[in-house]
Amino acid sequence: MSLEATPCPVCGLGTLCHRVKQVIVDIAEYERVMDQPGFWCNHCEEGIIGGTDLLATEAEFQAFRAFVRVSPLSDEWLPRRIRRHAAPGASR
Ligand SMILES: [Zn+2]
């Protein structure tokens, strides 16, 4: 299913467009900028990242996670410590 040109569900003002946008991924106190494909709103900074879009950055994400050396034992708290958010002003 393509979300191309559908109204943004977050702000309702823009439309979604599939493109690559820089996002900042935080794990604990570390952060890394990744080129994340997804359906990004052309008005606000929000976007919808589908399964295939996540796969595009999965290897880099796992490498980053390994770099931070978060152990598998930490998976219970890990989701609350990982954030992906748009880099301010990036790829406008
Ligand atoms: Zn929006």
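Helix α1 is hardly covered, with a count of 1 buried residue among its 18 residues. The structure described here is a predicted model. Helix α1 comprises residues 51–68, and its end C-alpha atoms lie 24 Å apart; this agrees with the 26 Å that the helix should span, because 18 residues are taken at 1.5 Å a residue. Along its course, α1 bends by about 50° at T57. The helix is followed by R69, whose phi is positive, near 60°.

A positive phi, near 70°, is also found at A5, a residue other than glycine. Most residues other than glycine have a negative phi. A5 is placed in the segment before β1, the strand formed by residues 16–27. A5 counts as exposed because it has 11 C-beta neighbours inside 10 Å, and the cut-off for exposure is 12 or fewer.

The largest nonpolar core consists of 5 residues, namely C8, L16, F39, W40 and C41. Strand β2 supplies the largest share of this core, with 3 residues. One of the core members, C41, touches C8, V10, C11, G14, L16, E46 and G47 when residues up to four places away in sequence are not counted.

The mean pLDDT of the chain is 82, and 77% of the residues score at least 70. Strand β2 (residues 30–41) has the highest confidence, at 93, whereas helix α2 (residues 78–81) has the lowest, at a mean of 52.

Methods. Residues are numbered from 1 along each chain as its sequence is written. This is a predicted model: local features need pLDDT of at least 70, side-chain atom pairs count only at pLDDT 80 or more; totals for chains, interfaces and linings use all residues. pLDDT is the predictor's confidence in each residue, from 0 to 100. Helices (H or I, at least four residues) and strands (E, at least two) are DSSP runs, numbered from the N terminus. A residue is buried if 20 or more other C-beta atoms lie within 10 Å of its own, exposed if 12 or fewer, and partly exposed in between; C-beta atoms are placed from the backbone. The expected span of a helix is 1.5 Å times one less than its number of residues. The bend at a residue is the angle between axes fitted to the seven residues ending there and the seven starting there. A nonpolar core is a set of buried Ala, Val, Leu, Ile, Met, Phe, Trp, Tyr and Cys residues joined through C-beta atoms within 7 Å. Two residues are in contact if their C-beta atoms, placed from the backbone, lie within 7 Å.
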